[in-house]
Amino acid sequence: MLHYRIMTAEESQKIKDIDRSEYIPFIYEIENGKMTAIPQNHECQSWDETTFQEIKTRFEYELSQGGTAYGAFDGERLAGFGVLAHQWRGEEQDQLQLDLMYVSRSYRRQGIGSRIIELLEEEARALGAKWLYISSTETESAVSFYQSHGGALTSQVDEELFSKEPKDIHMLKKL
């Protein structure tokens, strides 16, 4: 049985438990405010060491600055996690970013991501956020997941986040 709890920065090594691999039938691109599907038909592999280190560093940084991470654990094994970033965003400074979200391949489609996003939304609301800012990877699975949880394309793209990941699909979710 899975249990959900807040993670600490010291648990960042557990991110290696996550098998982020997936088949990607298509990705989305935004052009003139419209989302277009682009066929891909390839398999995304799990972490290489460089990507793992980047994600681990980002995880540790957010937690050290006051962000929050929730993990889903199967015993000691991390099955999925999400991070609520610390920095306030938006013109009204009323948005918090869903920074990282991964569920291991063998655990997908079991409600784990849904529960993690609920926990992060509760945390964001408790901090006073009115919106969740989502800078989603452009894969069909990620975009569909966030849309099914109330995320919608935004015309108020955060310039800093866009400059870091210009191919991401930027969404807002009302809390």
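Which helices and strands each supply at least two residues of the lining of the largest pocket?

Analyst: The model is predicted. In it, the lining of the largest pocket draws at least two residues from each of the following elements: strands S2 (22–31), S3 (34–44), S6 and S7 (131–136), together with helices H1 (49–64), H2 (112–126) and H3 (140–148). The volume of this pocket is about 1,200 Å³. Its lining comprises 42 residues, and those nearest the centre are Glu 22, Thr 137, Thr 139, Ser 141 and Ala 142. By class, the lining of the largest pocket holds 17 nonpolar, 13 polar and 12 charged residues.

The second largest pocket contains about 300 Å³ of space. It is lined by 15 residues, with Glu 29, Ile 30, Pro 166, Asp 168 and Ile 169 closest to its centre. Two or more residues of this lining come from S2 and from strand S9 (169–174). Strand S2 gives the most, with 4 residues. Strand S2 also supplies at least two residues to the lining of the largest pocket. The lining of the second largest pocket divides into 8 nonpolar, 3 polar and 4 charged residues.

Asp 94 lies in the loop that runs between strand S5 (77–89) and strand S6 (95–103). Asp 94 is buried but forms no salt bridge, and the nearest side chain of opposite charge, that of Lys 130, is 5.8 Å away. Leaving aside residues up to four places away in sequence, Asp 94 touches Trp 88, Arg 89, Ala 129, Lys 130 and Trp 131.

Notes:
Residues are numbered from 1 along each chain as its sequence is written. This is a predicted model: local features need pLDDT of at least 70, side-chain atom pairs count only at pLDDT 80 or more; totals for chains, interfaces and linings use all residues. Side-chain values use heavy atoms; hydrogens and water are left out. Buried means under 20% relative accessible area, exposed over 50%, partly exposed in between (1.4 Å probe, protein chains only). Lys and Arg count as positive and Asp and Glu as negative; His and the chain ends are not counted. A salt bridge is a side-chain nitrogen of Lys or Arg within 4 Å of a carboxyl oxygen of Asp or Glu. Contact means heavy atoms within 4.5 Å. On a 1 Å grid over the protein atoms alone, a cavity is a set of points where a 1.4 Å probe fits but cannot get out, and a pocket is an open set with protein on both sides within 12 Å along at least five of seven lines; lining residues have an atom within 4 Å of a point. Grid points are joined across faces, edges and corners, and a volume is the space filled by probe spheres set on the points. Ala, Val, Leu, Ile, Met, Phe, Trp, Tyr, Cys and Pro count as nonpolar, Asp, Glu, Lys and Arg as charged, and the others, Gly among them, as polar.
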